[in-house]
Amino acid sequence: MNISKIRNVMAEEGIVFSFSGMISQSLTSFMVETAKIQLQERGEDGKLIRNMFLIAIEQLQNIMSYSKDKDIGDGTKYTSPGVMVIGIDKEKNKYYVNSSNQIIESDRVKVSQKIHYINSLQRDELRKYLRDKLRSAEDKHERGAGVGFIEMAKRSSEKLEYDFEEVDNKLYFHIKTYI
Amino acid sequence: MENLNIEATKYTPKIDFNVETNILNIIGKSYPENTFEYYKPIVNWIEEYLETIDDAVVLINLDLEYLNSSSLKAYFDLFDLLEIAHDEGKNITINWIYDEENDISEETGEDFIADFENLNITLKIKG
């Protein structure tokens, strides 16, 4: 393995922060706080940084909750393998938060439908939809309110980009959110 | 009833509930992984406290810089509880405190005001 290959890929993709491995709550906190400092040092605007912070939290906590390989420690603490990168898309000149994790087949349709619907909504509709979901609690489960994708979409300047990929009989979910 | 004090962590806020002054402060970030479990004892304390206050004037200061989506739900549920208490005649005032530059927090406060019309919620810029 040639480490400079990784460095080259990161430079090409405009990646300013990346992680691959077991994601836990303390790492989530460490990563978003570190990425925040990095963006501050680049002189980025406070609003952009807050959006990045919240999007990254939602993506990382989704990985912890939904990853197929999640390890449920004592019932309150999960760890799951995943990949997250934060970078700048040079063509769009926008920051993005991009992550990937393995999911179970039965979540594929559920997740697709959810994001498909969220992507059909305009900004003011998203705000209302989130409030309706908070009130009804129909998607609430023990680990969350089931509204993470709505929150990501609210913080994003574009539609949520996502896809599924099968590799060696494993199903991976990728999501990319532009700020 | 005892005061409730919980120190802040990197991802949970400082809780400072005082039964003598009737001021309840929540200050900091909120993005725990097990949000509902985290807030359960805090909400239980508030429920018990509301039973004891009679006509006391209660001030709740919420100064939350970052909320993850499950924390939004936890606060939505807390406001539900406070609205019921308000409708029963309790005297509750809520300050939603935010940094002038933090329009995400300002918008969240506006949404709470719209969703809980009966509650006395004031948006306050951090001084």
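Tutor: Happy to! We can start with the core. In its largest nonpolar core of 60 residues, A:Met52 and A:Ala56 touch the most other members; such a core is a set of buried Ala, Val, Leu, Ile, Met, Phe, Trp, Tyr and Cys residues joined through C-beta atoms within 7 Å. Helix α3 (residues 46-66) of chain A gives this core its largest share, ten residues. This is a predicted model, where local features need pLDDT of at least 70, side-chain atom pairs count only at pLDDT 80 or more, and totals for chains, interfaces and linings use all residues. Residues are numbered from 1 along each chain as its sequence is written, with chains lettered from A and ligands numbered from 1 in the order in which they are written.

Now the close look, at helix α5 (residues 123-136) of chain A. Helices here are DSSP runs (H or I, at least four residues), numbered from the N terminus. Its 14 residues should span 20 Å at 1.5 Å a residue, and the end C-alpha atoms are 20 Å apart, which agrees; the expected span is 1.5 Å times one less than the number of residues. A:Leu130, A:Lys133 and A:Leu134 are the buried residues of α5(A) (20 or more other C-beta atoms within 10 Å of a residue's own; exposed is 12 or fewer, partly exposed in between; C-beta atoms are placed from the backbone). They cover an arc of only 100 degrees around the axis, so they lie on the same side of α5(A). The face turned away from that buried side carries exposed A:Asp124, A:Glu125, A:Arg135 and A:Ser136. Among what covers the buried residues of α5(A) are α6 (148-155) of chain A and α2 (69-87) of chain B. Just after α5(A), A:Ala137 takes a positive phi of about 60 degrees.

Note on methods
Helix = DSSP H or I, 4+ residues; strand = E, 2+ residues; numbered from the N terminus. Arc of directions from axis to C-beta. Contact = placed C-beta atoms within 7 Å.
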